[in-house]
Amino acid sequence: MKRILVAGVGNVFLGDDGFGVEVSRRLAARALPEGVRVVDFGIRGLDLTYALLEGWDAAILVDAAPRGGQPGTLYVLEPQLDPNAPAAIEPHAMDPVKVLALVREMGGTPPVMRVVACEPAEAGEFEMGLSPAVKAAVDPAVALVEELARQLGAARA
């Protein structure tokens, strides 16, 4: 059995940017496979960096990410660590590549990482709550994260 961290990231005060937080909230209420831990990191990139130093085999980040698709579209991304990427401490930012670089810089081994991303309808607008398209993508994202956890080697519950 592998240890897998599911990290919900985003800012609930910026509309659809709260997608990862909502998915992690729903996942935390479910029976997950042994070895899977769900944490809502919000915008705390440094906290995520320290968590990744705890020797996880894999991590699944859940976040909103504008990629040019229809609002509510889900993507599975595989961030690649650039060996030349500078490590930067960003306590209130959440760039997966920079988080992985900081883990490496701090002497850790970055885990296998996937990002479950959702195309936002509105990003960066100060408002609470998800748009209808992104809200409709939350349950499919929960199922997608559970499937990824199984693929990455978590034991069945």
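Predicted model: local features only at pLDDT ≥ 70, side-chain atom pairs only at ≥ 80, totals over all residues.

Colleague: How many helices and strands are in the protein chain?

Modeller: Five helices and five strands. Those are DSSP runs numbered from the N terminus, with helices being H or I of at least four residues and strands being E of at least two. Along the sequence the pattern reads β-α-β-α-β-β-α-β-α-α.

Colleague: And what share of the residues counts as buried?

Modeller: 45% of the 157 residues. Buried is under 20% relative accessible area, exposed is over 50%, and partly exposed is in between, using a 1.4 Å probe and protein chains only. As for contacts, meaning heavy atoms within 4.5 Å, 78% of those with a separation of 6 or more join residues 24 or more positions apart.

Colleague: OK, helix packing. At what angle do α1 and α5 cross?

Modeller: Roughly 65°, and their axes come within 9 Å. The axes are lines fitted to C-alpha atoms, for helices over the stretch in contact, and angles run from 0 to 180 degrees between N-to-C directions. That makes α1 roughly perpendicular to α5; the classes are under 35 degrees for roughly parallel, over 145 for roughly antiparallel, 65 to 115 for roughly perpendicular, and oblique for the rest.

Colleague: Left-handed or right-handed?

Modeller: The α1 and α5 crossing is right-handed.

Colleague: How many residues of α1 are buried?

Modeller: Seven of the ten, so α1 is largely enclosed by the rest of the structure. Ser24 is one of the buried residues of α1, with a relative accessible area of 3%. Not counting residues up to four places away in sequence, Ser24 touches Gly8, Val38, Val39 and Asp40.

Colleague: What about the other pair, how do α2 and α3 cross?

Modeller: Helix α2 (residues 45-52) and helix α3 (residues 96-105) cross at roughly 50°, with axes that come within 9 Å. They are therefore oblique to each other, and the crossing is right-handed. On the α2 side are Gly45, Leu46, Leu48, Thr49 and Leu52, which meet Val99, Leu102 and Val103 in α3. That contact has six nonpolar, two polar and no charged residues.

Colleague: Switching to cores. How many residues has the largest nonpolar core?

Modeller: 23. A core here is a set of buried Ala, Val, Leu, Ile, Met, Phe, Trp, Tyr and Cys residues joined through side-chain atoms within 4.5 Å. Val6, Phe19, Val23, Leu27, Ile60 and Val62 have the most contacts inside the largest one. α5 gives the most to this core, with six residues. Apart from it lies another core of 19 residues, among them Phe41, Leu52, Leu61 and Val103.

Colleague: Last one, Tyr75: buried or exposed?

Modeller: Tyr75 counts as buried, at 18% relative accessibility. Tyr75 lies in strand β4 (residues 74-77). Its C-alpha is 5.7 Å from that of Val116, 41 residues apart in sequence.

Colleague: And where is Leu53?

Modeller: Leu53 is in the loop between α2 and β3, and is partly exposed at 30% relative accessibility. Setting aside residues up to four places away in sequence, Leu53 touches Val103, Met106 and Gly108.

Conventions:
Residues numbered from 1 in each chain as written. Heavy atoms only, no water. Left-handed = near helix turned anticlockwise from the far one by under 90°. Nonpolar A, V, L, I, M, F, W, Y, C, P; charged D, E, K, R; others polar.
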